[in-house]
Amino acid sequence: MTKLTRRNLLTGATAVAAASTLGAPMIWAQNIKDVKLRQFGTGVSNLNDVATKVKEDLGFTLEMTALDSDSDSVTQRAATQPNSFDIADIEYWICKKVWPTGNLQAMDTSKIKFFDKISPIFTTGKLHADSVVAQGTAPSTVGFVESADGTSFAKDVTGWMTLIPTIYNADTLGIRPDLIKRPIESWAGLLNPEFMGKASILDISSIGIMDMAMVCEAMGEIKYADKGNMTTDEIDKTIGIFTEAKKAGQFRAFWKSFDESVKLMASGEVVIQSMWSPAVTAVKAKGIPCVFQPLKEGYRSWGGGLGLSKSLTGLELDAAYEYFNWYLSGWVGSYLMRQGYYSAGPETSKEFMSADEWGYRYEGKAAAGDILRPPGDKPAGAGDKRDGGSYDDRMGKVACWNAVMDENQYMVRKRNEFIAA
Amino acid sequence: MEKMRQNSALTGWLLISPLALVLLVFLVVPIVMITVVSFWNATGFSIAPAFQFDNYRFLFGSEVTYRVFLNTFKFALLTWIFTFLIGFTVAYYLAFHIRTQSKHIALFLLCTIPFWTSNIIRMISWVPFLGRNGIANSALLSWSVIDQPVEWLLFSDFAVILAFVHLYTLFMVVPIFNTMMRIDKSLIETARDGGANGVQILWNVIVPLTKPGIMIGTIFVVTLVMGDFVTVRFMSGSQSANVGRLISNDIGLLQYPSASATAIVLLLTVLIVIAILLRFVNIRKRVVMEPRPRWFYVLSAFFMLFLAFLYGPTITIAILSFQGPGGGLTFPMRGVSLHWFYELFQQQAVGGIWGSFRRSFALGLMVMVTRVVVSVMGGLAFRKRFPGSTVLFYLIITSLVIPSILVSLGVGLMFSQSGLDVHWATSGLGARLTWTLPFGLLIMFAVFNRFDKSYEEAARDLGATPWQTIRHVVLPIIAPTLIGVGLFGLTLSYDEFARTLLTAGSYNTLPLEIYGMTTNVTSPVLYALGTLTTVFSFGIIAAFLAIASYATRKQARAGSDAGKGSV
C-alpha cells in the first residue's frame, strides 16, 4: 500500500490500493464467482459503478435494480416482496417501517471489519460527546436491535445492526442566486410571498413534512415539542399553513424525483425549493448558478444503509458480509463524497481521495485546483468552497432527520388533503 | 340437432377456455382479494384479516374523498369532450375519405408510433415544450401574442388534460371508426335524395348510427382517465389529486386495506358510470357513404394536425436527443452531437437500459403472440352459442374498464398472500393480459361482424373440414387485421406501467427502469432512447406492412386462377 498510488484518482491504481487495503478476502472459494446478489434501491446510491467495482474487487455479481424515488415504492418492495431481493438499499426511516415485517435479518457487528470506523452519527448518534441527537428518525435510533432476532430497536449500540450505513447528507434549500438577488438566511424564505409561484417542495411524505416543519418553526408560527414526532394538532397546523400558501399560489409544482427538482431549478420554473446536494451540482454543471443554501435553523438530514434479506444464508450471506466490509473500506465512500454526499466511514474514504478533494469535500477548505466528480464534471474549481463548510459544520447543525412519526397515518391523510386543496 | 348444439357448445368452451382462465386468475381472483382485504386491518407495516368497516367509514367520512372524486370526474369529463371532438373527426376522415384497408392500417400504425416511446420520456418532454421558457411560450412571445410567459401551460389542470387527450384520443378513434365502417351507404344516399344537407346527414344519420362506437370510445377514455395516477402527478407537478393517486399513496404507505377500500369504491363508480352510459346506446344498423371531395381537404388537414399533435413530443424528443455533450433535458440546445446516442450504449450511472429493454420486449412479444392466438380463438368462440357466454362477455368488459391500479394491487396481493413470488414473466404477464386480451377480442368481434360468411359456406360445400376452413379461408382473410392486433398488443404492452408496478418482481421492465433512473442525474440519453425507439418502430411497422402486402399479392395471384381451367 503506497501513498503515491493512492492519490492517483480515477486510475487503475486505486483498484490495487483497494485490494491491498482489504487484505486477503475471507472467502476465495472458486464458486464465489457464481454468487449473484440482487440489490434494489433508489437511483441515489444504486450506482452501476459500484457493481462493476464489486465484480473487479470481490469477483461476484451484484445486480442493481433502481426504483423510482417515490421512496414509497422502495418501502413497498422491502415490506411486501421479501424474496425479490438479497440486499435492500433503504433509508433509515424506511427501516423503521420495514424492520417489524421481519423481512430483514440483523447483522453481527463482530463480522463488520470497519465497525469502529463508522461515523458516530450512525452509532451513538452524537457527532461529539456533547452533541444532542437530532429530532426525527435519527439513524442511531433504528440502527440496532437487542439480539439476532430482535424485533424492537435498541436504545444503545449493541452487537446487532439493522442496516450498514452507506450514504447520508444534510439537506437544505436550494436557491437561484441570480434570480433571487439577495441572501436567504432562513427556511422561512420558502413561503416568502416574494417567490409567489416560484417555490417548490418535496412530495414524499416523510421528507416533505420535515421541510414543512422547518419552515413553520422558522416563521415562528409553531413551536414543536418534537418535530420528528408531531402531535395531530401540530400536524394540522403545519399542513394548514402550507395549504393556505398552496391556495395562494406560492408553489409552481412539487417534486418527487431528483430529476424533476433539477429541471424545475435549471429551467427557472422555480427559484427556491428543498433540494439535494447532487441536484444542485447538476444544475451548476449546466452553467446555471445554484446554491445549496445553509440556513440559520440548521439542516434536515437523511441517511441510507444496506439491509440483509432474511432468506440469505450460506455462501450468499458470506458474500454479502464481504460486500459490506468492502463498502466501508473506502472506495465507495470516496465515490459518494465526490457526488456531494458523505461517507459512513470518513476515515477509510480519506485514503481514496486527494488532499485537495478531502479538504474541499470534508474539511470545508477552499479548493486548490479543480474538483472533479465522476464521470468527469467539474463542480468546483480553485478557490471554491463547499456550501455550508466542513463536515462538522454541516452534520453538526442537523436540526432533524427524515421521520416516520407515531401519527404517520394521520399525517399522510392530512397530506392528501393538502395535495387535493 | 341436439347433438350438434352440444358439439358447438363444447367447441365454444374449448376455444374460450384460455381467455376464461386468464380472466379468472388475473381478474376475478384479484378483485375478490381486494374486496376481502378492504375489510382488513392495517398496522404501519402489515395487514391482518378482520371484518370491519373502518376503511370505508373513513373514506366516506372524509371531505377529501368527495373533493378528489369530483376532481377525477372533472378530468374525465374534460378529457372526454376533447377526445370525442377530435376522435370523431379523425374517425370520420379515415372511414369516409380513405378507401383501402391497407391505407387504413398504415394510417393507424402511423398513429401508434408515438406510443412506442416510453410515456415517462414523453411526459418529461412536455416540460421543454410547455414550460415557462419552453417552445410554446417562446413562440407566443416572439409573435407578441403574449408579453409575459404563460404559467398555466405546465403544472396545471390544462397540462393534465392535454396529456390525457394526447394519450387517449386514439382509443376514441378506433371504435368510432369501426362503427362508421359498418354504416350502410344507401342510408346516406337516401338522406341526400330526401334533400338533407351535409350537416343534417352528419347530425341525423351518421352520429346516431355511430353511437355504439362513440359509447365504446367514451367508456375507454372515461375509465382510463379515472384509473390514472401517473399522468396527473407528473403534469400537475404533484399539485392535483385524483382517486388513483390516493390509492397509490396508500399502497406506498403499506395501507393496503385502505387502498383496497378506495379501489373498490372507484371500481363501483366506474361501473355505475358505464351502466349509465350504456343506457344511451342504440341498436346498430348497417350503412356506407360517398366521400365529398371538398371535405376531404379540410379533414385531411385536420388529420395532419392530429398527427402533428401526436408527434409533438416525439419531435421534441428527437430534436433534444441531438443535444451537445453539455446540454440538458430542456432547451436551449448546447451544440449538436451524437454524444447521447453513444452514451446510450455505455454503462449508465444508474439503471440498465438494455437489460430492462430486453425484458420489456420479450414481455411484449409474449403478450403479442398470446393476444393474437387467444383473441382469434375467442372471436371464433363467440360466433357460436355457448352457455355462459353472456357472463363471460360482461367479464371481458369489466376487464377492459377496471382501473389499472386495481389489477396491479389485486395481482400483487394475490401473489403475496399466497406466498408466491411476483415475476415479470408470470404475474407481470398475467396483469398485462387482462388488458390486452379483451382489447384484442373486441377487435376480433368487429372483424368477424364484417366477415362474409359465404366464404366459409363455400369452403364447407367443397368438403373442407372446420380446421381446413379456418386455416385456408378464415385466417388468410383476417391476416392483415391480425397483424394490426398483434402490433397494437405489442404497443400496449411494451410501455405498460401501472399494471406492472406491483407485479414485476426483482427486475424492472423498461418503463419502471426509466422511472427509477429519474432518481439520479438524468441526461438526454433518455431522449436518444426515445428517438431510437421511434426509428425502430418505424422499421418494424414497415417490415410488417411489407410482409402483409406480399401476402396479399401472393393471395391475389393464387386466387386469380379463375378461367384458367381446372387443375
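So, what share of the contacts in chain A with a separation of 6 or more comes from residues 24 or more positions apart? It's 70%. Before I go on, keep in mind that this is a predicted model.

Okay, chain A overall. We've got 17 helices and 17 strands in there. If you're thinking about box dimensions, the C-alpha atoms fill roughly 65 × 50 × 40 Å along the principal axes. And of those 421 residues, 57% are buried.

Now the nonpolar core. The largest one has 287 residues. Which residues touch the most other members? Tyr323 of chain A, plus Ala91, Tyr168 and Ala263 of chain B. The element that gives the most to this core is helix H7 of chain B, residues 157–181, with 18 residues. As a general point, nonpolar side chains tend to be buried together in soluble globular proteins.

Let's zoom in on Tyr168(B). Leaving out residues up to four places away in sequence, Tyr168(B) touches Thr79(B), Thr83(B), Val221(B), Leu224(B) and Val225(B).

Last stop, helix H5 of chain B, residues 119–130. From first C-alpha to last, its 12 residues reach 16 Å, close to the 16 Å you'd expect at 1.5 Å a residue. H5(B) is mostly covered, too: 10 of the 12 residues are buried. Among them are Ile120(B), Ile121(B), Ile124(B), Trp126(B) and Leu130(B), but also Asn119(B) and Arg122(B).

That's what I had, thanks.

Terms used: Residues are numbered from 1 along each chain as its sequence is written. Chains are lettered from A and ligands numbered from 1 in the order in which they are written. This is a predicted model: local features need pLDDT of at least 70, side-chain atom pairs count only at pLDDT 80 or more; totals for chains, interfaces and linings use all residues. Helices (H or I, at least four residues) and strands (E, at least two) are DSSP runs, numbered from the N terminus. A residue is buried if 20 or more other C-beta atoms lie within 10 Å of its own, exposed if 12 or fewer, and partly exposed in between; C-beta atoms are placed from the backbone. Two residues are in contact if their C-beta atoms, placed from the backbone, lie within 7 Å. The expected span of a helix is 1.5 Å times one less than its number of residues. A nonpolar core is a set of buried Ala, Val, Leu, Ile, Met, Phe, Trp, Tyr and Cys residues joined through C-beta atoms within 7 Å.
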